[in-house]
Amino acid sequence: MENERRQSFRDGSSNPPRMEVHQSWWAMNGVGSGGREWSIEEKFEKIAEAGFTGIMAHLPTGQDAGLWRRLLDEYGFSLGIHSFPRKPEDMTELLREAKQFGVLYVNSQVMDSFVIGQAAVELLHGLVEEARKAQIPYMIETHRGRVTQDLHRTVDYVKAIPELRLTIDLSHYIVAGELTAAASRELEMAGELFDVLLQRTSAIHARVSNGEQVQVDIGPNGEHPMVKPFMKWWERGMSCWLNEAKPGDILPFVTELGPPDYAITEATYKREDRTEISDRWQQALVLKRLGEEAWEHAQANRGQ
């Protein structure tokens, strides 16, 4: 029963549990150099050169499926996929296709924020059950504008559903609660609720919010004052995961910096003229380094 609850991503080996650092494909939208967006092949090459070991994207379909399968195999990448269900039946075919394609896991942002209370519990339980029948690792993302709209109700859902596993993205609750670096008391109170969620960590999405914007530039070495609490939460989630992990288990850490309108741009009314004020690709590399640092700390403190 415990293994069913954990919904582990396991490679079948006897290797020690490990973290894999993945890049969000959505975060690669518009990324390139010399005034030109990189091609699919170039993006795979750059992601591999940077030391990532996988990608999170939509499930490739049609003509894209063959290209993606070739590139994933060429670079030895794992693949996790997004989904946006409104009811358990929305996942039946996708889960089957995902397993056939060989994805590592399926992540859901569950629609929508107006489903609350017992109806939300039943929806989430049905989704978890659908994934259990499909025998594929599955988690729900902590995301605003979804069933997981706010921190308090998501804590209630976790308490109501022992099998519920989470993709942790706390930037949504930081910006929704306007929790800034100066709000030390509020951050401490939120941290107590975050801990309930972090005990169900099955993946982590890396993005730092300042409490006013969902995603900000944190500096070339993570100098932003909100980096410290985020790293503490990431490390806590990693430690919770490690306490349950078995040989061959994998924890995905996904750098996920969205393009405009997530990314802040210079003032303009024309969508095609928007210029980002931050280098998203370089910031992804900063988040990657910070995630690896948090993982090292979690490993070093394991069992303490």
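Mentor: The answer begins with the basis of the model and the chain as a whole, and then turns to the helix, its surroundings and some backbone details.

This is a predicted model, in which local features need pLDDT of at least 70 and side-chain atom pairs count only at pLDDT 80 or more, while totals for chains, interfaces and linings use all residues. Residues are numbered from 1 along each chain as its sequence is written, and side-chain values use heavy atoms, with hydrogens and water left out.

The chain contains ten helices and eleven strands; helices (H or I, at least four residues) and strands (E, at least two) are DSSP runs, numbered from the N terminus. With a radius of gyration of 19 Å, close to the 19 Å that the globule rule gives for 304 residues, the chain is as compact as a globular protein of that length. That radius is taken over C-alpha atoms, and the rule is 2.2 Å times the number of residues to the power 0.38. The C-alpha trace spans about 55 × 50 × 40 Å along its principal axes. Of the 304 residues, 53% are buried, where buried means under 20% relative accessible area, exposed over 50%, and partly exposed in between (1.4 Å probe, protein chains only). Of the contacts (heavy atoms within 4.5 Å) between residues at least 6 apart in sequence, 78% join residues at least 24 apart.

The requested helix is α10, which covers residues 280-300. Gln-283 belongs to α10 and is buried, because its relative accessible area is 7%. The side chain of Gln-283 reaches the backbone nitrogen of Ile-218 at 2.8 Å; a polar contact is a pair of N or O atoms within 3.5 Å, and within protein one must be able to donate a hydrogen and the other to accept it, while residues adjacent in sequence count only if both atoms are side-chain atoms. Beyond its neighbours within four places in sequence, Gln-283 is in contact with Val-216, Asp-217, Ile-218, Gly-219, Pro-220, Leu-257 and Ser-278.

The nonpolar surroundings come next. In general, nonpolar side chains in soluble globular proteins tend to be buried together. A nonpolar core here is a set of buried Ala, Val, Leu, Ile, Met, Phe, Trp, Tyr and Cys residues joined through side-chain atoms within 4.5 Å. The largest such core has 81 residues, and Trp-234 and Met-238 have the most contacts inside it. Apart from it lies another core, of eight residues, including Phe-9, Met-56, Leu-104 and Tyr-105. Outside the four places on either side of it in sequence, Trp-234 has contacts that include Leu-287, Leu-290 and Ala-294, and it also touches residues such as Ile-204, Val-208 and Phe-253.

In α2 (residues 40-49), the buried residues are Lys-43, Phe-44 and Ile-47. They lie on the same side of α2, because they cover an arc of only 100° around the axis, the arc being that of the directions from the helix axis to the C-beta atoms. Their cover includes α10 together with β2 (18-24), β4 (36-37), β5 (54-57) and α3 (63-75). Gly-51, with a positive phi near 95°, follows α2.

Asp-261 is in the loop between β11 (249-255) and α10, and a cis peptide bond with omega of about 20° joins Pro-260 and Asp-261. Another cis bond, with omega of about -10°, joins Met-111 and Asp-112; Asp-112 is in the loop between β7 (105-108) and α5 (117-134). For context, most residues other than glycine have a negative phi, and most peptide bonds are trans. Gln-135, in the loop between α5 and β8 (138-141), has a positive phi near 55° and counts as exposed, because its relative accessibility is 63%. Glu-178, in the loop between α7 (171-176) and α8 (184-198), has a positive phi near 50° and is partly exposed, at 49%.
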